[in-house]
Structure formats: structure tokens, C-alpha cells
Amino acid sequence: MKTSEKIIEYLKIKKQVSTKELVDYLGLSRMAVFNQLNNLLADGRIVKTGRPPKVFYALAEKKVSLIKENIINQKASQDIDENYLIITPSGERKEGVNGFAYWCEKNNLPLEKTAMEYGATLEKYHAFKKDGLIDGIAKFRSTFPQPALDRAFYMDFYSIERFGKTKLGQLLLYAKQSQDRRLMKELVTNVQTVVDGLVKKYEIDAVGFIPPTVKREVQFMRELERGLNLAVKKISIVKIKSDIVVPQKTLSKPSDRIENARKTIVVDEKGVYNRILLIDDAVGSGATLNETAAQIKEKGIAKEVIGFSITGSFKGFDVISEV
């Protein structure tokens with residue numbers, strides 16, 4: 001029997017094994033076992049979990065080919081492949097049709113019917129997009145008596161009805177909560193072209209990054225700032241410490257979030273610019289972006305302020321507490 005097949009048969013019995021266990025079982029060198037494992041990973045026959053030094057291997061789940069089985073049509077499959085992502089309770093990333101099939105099975109939903117309903121829901125939400133961006137300024141104008149932002153855009157909604165968090169919503173949530181630099185890097189790659197396009201289109205001469213409000217060892221906004229590496233001036237925006245730190249995510253009322261942003265975020269900038277782009281990760285109540293823009297204008301730092309966020313809420317401005 002080939003070594004690769006021995007590994008497969010062993011995994012069928014043991015379910016999950018380490019490299020050391022395979023080395024002992026096969027009587028081969030670590031390098032020889034690693035070569036076999038890498039080939040099996042490349043073929044999609046096994047999966048690995050964990051990070052060095054604690055890495056384990058298991059058999060890969062059988063992939064679902066929804067089109068070949070004539071379960072859903074080509075368009076529905078394409079929509080799902082491009083837009084669907086779920087992170088399982090165990091931290092496994094499942095994308096596209098396989099992730100969608102997992103979600104349907106978990107919720108006892110008929111696959112074909114639910115796939116068609118997902119496509120129809122996507123069409124409803126994608127109708128709000130123009131040139132790949134959602135224009136959120138109308139919501140700011142209807143939410144705040146005197147909105148300070150002149151324009152506002154976000155790349156996608158944080159979540160959609162029934163199906164929950166969007167692909168960007170999932171990536172953002174778990175990048176921040178798990179402080180995973182790989183997910184952060186993936187998000188930066190998704191954002192880069194969009195932000196570059198806004199800078200060029202609106203002749204942005206300065207950018208500001210909304211500072212994080214929750215203490216973490218790895219801060220996504222700092223990773224985003226470094227990753228984008230924009231060639232325009234960065235203005236100074238600081239989050240000041242109060243006697244008792246109250247993170248925005250702990251506040252459920254939009255009015256409380258407005259007060260929090262007004263009193264704890266300071267635009268510490270002496271320069272004067274024509275047009276500033278304010279960048280945030282998620283627009284919930286909209287309070288932070290709007291209050292920061294108000295400061296910029298009150299201090300005469302810029303004539304025009306444009307807001308940009310990776311995700312935003314759909315109905316008015318909900319309070320997104322997860323991120």
C-alpha cells in the first residue's frame with residue numbers, strides 16, 4: 001500500500017493525528033511524512049487544524065458539487081460562491097456552496113429552495129450598490145439633524161435578513177475578535193483598490209483613521225492603516241482615556257454613542273485641507289464618523305469630509321455591538 005493511502009486509512013481509524021504520531025506509525029523521517037501530508041493537502045484529501053507546534057491532520061469532508069448533482073442552477077451557484085462565507089463554531093472557514101450547504105443542513109433547510117431565496121435576497125441588497133459601493137449619505141441625513149459628512153460610502157452591509165453576516169461582515173468580526181493577522185491582511189487586500197479609487201476620484205488630500213475603542217493586542221485599524229500605506233497626509237485622531245473606559249460597543253442607544261464619540265475622540269490636527277477621507281471599519285449608529293467629521297469642520301481643518309467604512313447597517317443605523 002502506498003504511504004499516502006496508509007495515512008488515509010490511519011486517519012479513518014484515529015480521526016485526528018499529529019505529525020509525530022504519523023512518524024512513529026509509518027517509521028519514516030519527519031521530512032518524508034511532511035512531503036506526503038503536503039501532497040494530500042494539495043489534493044484536498046485531508047485538512048489541518050491548529051498552528052505550530054500543535055498541528056493536527058484529519059480527513060477532509062466530501063465537497064458538495066451542487067451543480068453536478070443538479071441541486072441548484074449555475075447562477076445561484078455563482079452567487080453563493082462569490083458571496084457566502086461562514087465561520088463554524090469550531091473556527092473552521094467554509095465558503096461558497098460548501099459553506100452554504102453546511103448552513104442549510106445545520107438549520108434543517110431545503111438546499112435548492114434556500115439557495116434560490118438567497119439569490120433573491122442578494123439581488124435586493126445589491127440594488128443599493130453603485131460602482132461597487134453603497135451610498136450611505138441619505139441615512140446620515142435622515143439620522144442626524146445636521147450631518148457633518150458630505151458623502152458616505154461602505155463596501156457592503158454587515159448583515160442581511162435571514163442569512164446573517166455577509167462575507168465582509170464575517171471576515172471583519174473574526175479578524176477583530178480573534179486578532180487574526182491573516183484575516184486582517186485579507187480585508188486590507190479587499191479594501192485597498194476601493195480606497196485608492198476614492199482618493200483619486202474625490203482628490204483626497206488627507207485621510208483619518210477612526211481609532212479603536214476596545215483594547216486589543218492587535219488592532220485592526222492600525223493594521224489597515226499600515227496595509228493601505230496611502231500616499232496622502234494622515235491627520236491625527238486620538239481616543240482619549242477617561243476615568244472609566246466605556247467602549248462604544250457596550251452602548252446600546254445611538255444617543256449614548258454620540259455622547260461617547262463627542263467627548264472621547266479628539267482630532268489633534270493643525271493642518272488645513274480641502275477634502276478629508278475618514279476611514280472606519282463598521283458603521284453602526286454612525287455617531288463616531290459624524291462626530292469626528294463635525295470636529296474637523298468646527299476646527300476649520302477641512303472644507304469637505306467623506307466617510308468610508310468596510311461594512312454598514314441596512315435599516316437606518318443599527319447599533320452593531322459585535323465589532
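Reader: In which helix is the place of Gly227?

Author: This is a predicted model. In it, Gly227 belongs to helix 10.

Reader: How is Gly227 classed, as buried, partly exposed or exposed?

Author: The class follows from the relative accessible area, and buried requires a value under 20%. Gly227 has a relative accessible area of 33%, so the residue is partly exposed.

Reader: Which residues is Gly227 in contact with, leaving aside its neighbours within four places in sequence?

Author: Gly227 is in contact with Val188 and Gln192.

Reader: Which residues of helix 10 are buried?

Author: In helix 10, which spans residues 220–228, the buried residues are Phe220, Met221, Glu223, Leu224 and Leu228. They lie on the same side of helix 10, because they cover an arc of only 160° around the axis.

Reader: What do the buried residues of helix 10 pack against?

Author: Their partners are helix 8 (167–177), helix 9 (181–201), strand 11 (206–209), strand 15 (273–283) and strand 16 (302–312). After the helix comes Asn229, with a positive phi near 45°.

Reader: How should I think about the interior?

Author: In soluble globular proteins, nonpolar side chains tend to be buried together. Here the largest nonpolar core has 33 residues, and those touching the most other members are Val195, Leu224, Leu228, Leu277, Ile279 and Phe308. Helix 9 gives the most to this core, namely eight residues. A second, separate core has 25 residues, among them Phe140, Ala152, Ala206 and Val267.

Reader: Which residues does Leu277 touch, not counting residues up to four places away in sequence?

Author: Leu277 touches Val195, Val199, Ile204, Ala206, Val207, Gly208, Ile306 and Phe308.

Reader: How does one describe aromatic rings that pair?

Author: A pair of aromatic rings is described by the distance of the centres and the angle of the planes. This model has 13 aromatic pairs. One of them joins Tyr84 and Tyr118 edge-to-face, at 5.7 Å centre to centre with 85° between the planes. Tyr84 lies in the loop between helix 4 (74–83) and strand 4 (85–87), and Tyr118 in helix 6 (residues 111–126), so the pair ties together parts that are 34 residues apart in sequence.

Reader: Are Tyr84 and Tyr118 buried or exposed?

Author: Both are buried. Ring pairs also link Tyr84 and Tyr118 with Phe100, Trp103 and Phe163 into a cluster.

Methods. Residues numbered from 1 in each chain as written. Predicted model: local features only at pLDDT ≥ 70, side-chain atom pairs only at ≥ 80, totals over all residues. Heavy atoms only, no water. Buried < 20%, exposed > 50% of the residue type's maximum accessible area, 1.4 Å probe, protein only. Helix = DSSP H or I, 4+ residues; strand = E, 2+ residues; numbered from the N terminus. Arc of directions from axis to C-beta. Contact = heavy atoms within 4.5 Å. Phe/Tyr/Trp six-rings, centres within 6.5 Å; stacked < 30°, edge-to-face > 60°. Core = buried A, V, L, I, M, F, W, Y, C linked by side-chain atoms within 4.5 Å.
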